[in-house]
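Here is a short tour to read with the structure open beside you. Take your time and turn the view as you go.

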Amino acid sequence: MLFSLACNTQPKDDFTKEKAQQIITEAWSTTYPKILEAIQAPTFRNTTVFIQDTTDFRGNINTAITQLSEDGGGTIKVNPGRYHVKGSIFLASNIRLHLENGAELWFSPHPSDYLPVVKSRWEGTFLMNYSPLIYAIDAENIAITVNGLINGLAEKKWY
């Protein structure tokens with residue numbers, strides 16, 4: 001069997017720096033506004049659950065998120081303080097996670113705390129990977145608002 005493949009590596013004569021700039025300008029002037037129009041801000045029930053310092057912060061916040069979501073949703077507010085989170089926080093539909101001013105989430109630097117692996121995406125490719133610090137799948141109407149700090153402590157182990 002004979003197989004032949006040819007490729008033209010010559011640049012198109014009609015694609016210039018000016019043409020590229022025209023495409024970029026058009027995208028910002030027409031496409032970008034259409035994207036903004038399509039975005040709808042999430043809305044949440046007027047129900048709030050406050051999370052304070054606990055010995056099992058991750059377990060308690062994940063339990064509160066699950067329960068509040070099952071009850072129709074609302075806001076989980078994390079009060080001021082430093083909270084050590086050993087693993088992922090799993091968001092669910094109709095939940096807003098809000099960190100009050102002075103609230104700090106310090107996530108575990110140990111990769112093993114983010115197992116088992118979950119469905120994820122890397123550069124547009126679906127794969128199974130460590131769970132992110134805050135994770136949601138098949139969820140809608142969610143938000144994370146922060147006046148505090150989310151610290152992944154990545155410099156400790158994740159390089």
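The sections below cover the ground rules, a central strand, the nonpolar core, the ring contacts and some backbone details.

## Ground rules

Please keep in mind that this is a predicted model, in which local features need pLDDT of at least 70 and side-chain atom pairs count only at pLDDT 80 or more, while totals for chains, interfaces and linings use all residues. Residues are numbered from 1 along each chain as its sequence is written, and side-chain values use heavy atoms, with hydrogens and water left out.

Helices (H or I, at least four residues) and strands (E, at least two) are DSSP runs, numbered from the N terminus.

Which strands pair with β6? One is β3 (residues 81–85), which runs parallel to β6 over five bridges; another is β11 (residues 149–151), also parallel, over three bridges. Two strands pair if DSSP finds at least two bridges between them. To find these pairings on screen, look for Ala-103 as the bridge partner of Gly-81, and for Trp-106 opposite Asn-151 in β11.

## The nonpolar core

The largest nonpolar core has 21 residues, and those touching the most other members are Phe-57, Ile-61, Ile-76, Val-78, Ile-89 and Leu-105. Such a core is a set of buried Ala, Val, Leu, Ile, Met, Phe, Trp, Tyr and Cys residues joined through side-chain atoms within 4.5 Å. At least two residues of this core come from each of α2 (57–70), β2 (74–78), β3, β5 (95–99) and β6. Helix α2 gives the most, with five residues.

Leaving aside residues up to four places away in sequence, Ile-61 touches Ile-51, Ile-76, Val-78, Ile-89 and Leu-97. Contact means heavy atoms within 4.5 Å.

## Rings and charges

The whole structure holds three aromatic pairs. Rings of Phe, Tyr and Trp (its six-membered ring) pair if their centres lie within 6.5 Å; planes under 30 degrees apart count as stacked, over 60 as edge-to-face and the rest as tilted. Phe-57 and Tyr-83 are stacked, at 4.7 Å centre to centre with 25° between the planes. This pair links helix α2 to strand β3 across 26 residues, and both partners are buried. In Phe-90 and Tyr-135, the ring centres are 6.1 Å apart and the planes stand at 90°, so this pair is edge-to-face. Phe-90 is partly exposed at 33% relative accessibility, whereas Tyr-135 is buried at 10%.

Two charged side chains also sit over rings: Arg-82 lies over the face of Trp-106, 3.9 Å from the ring centre, and the charged end of Lys-119 is 5.3 Å from the centre of the Phe-126 ring. The criterion is NZ of Lys or CZ of Arg within 6 Å of the ring centre and within 35 degrees of the ring normal.

## Backbone details in the loops

Between β6 and β7 (118–122), the loop contains Pro-116, which is joined to Leu-115 by a cis peptide bond with omega of about 5°.

Glu-123, in the loop between β7 and β8 (125–129), has a positive phi of about 50° although it is not a glycine. Its relative accessibility is 72%, so Glu-123 counts as exposed. Asp-138, in the loop between β9 (134–135) and β10 (143–146), has a positive phi near 55° and is exposed at 78% relative accessibility.

Terms used
Buried < 20%, exposed > 50% of the residue type's maximum accessible area, 1.4 Å probe, protein only.
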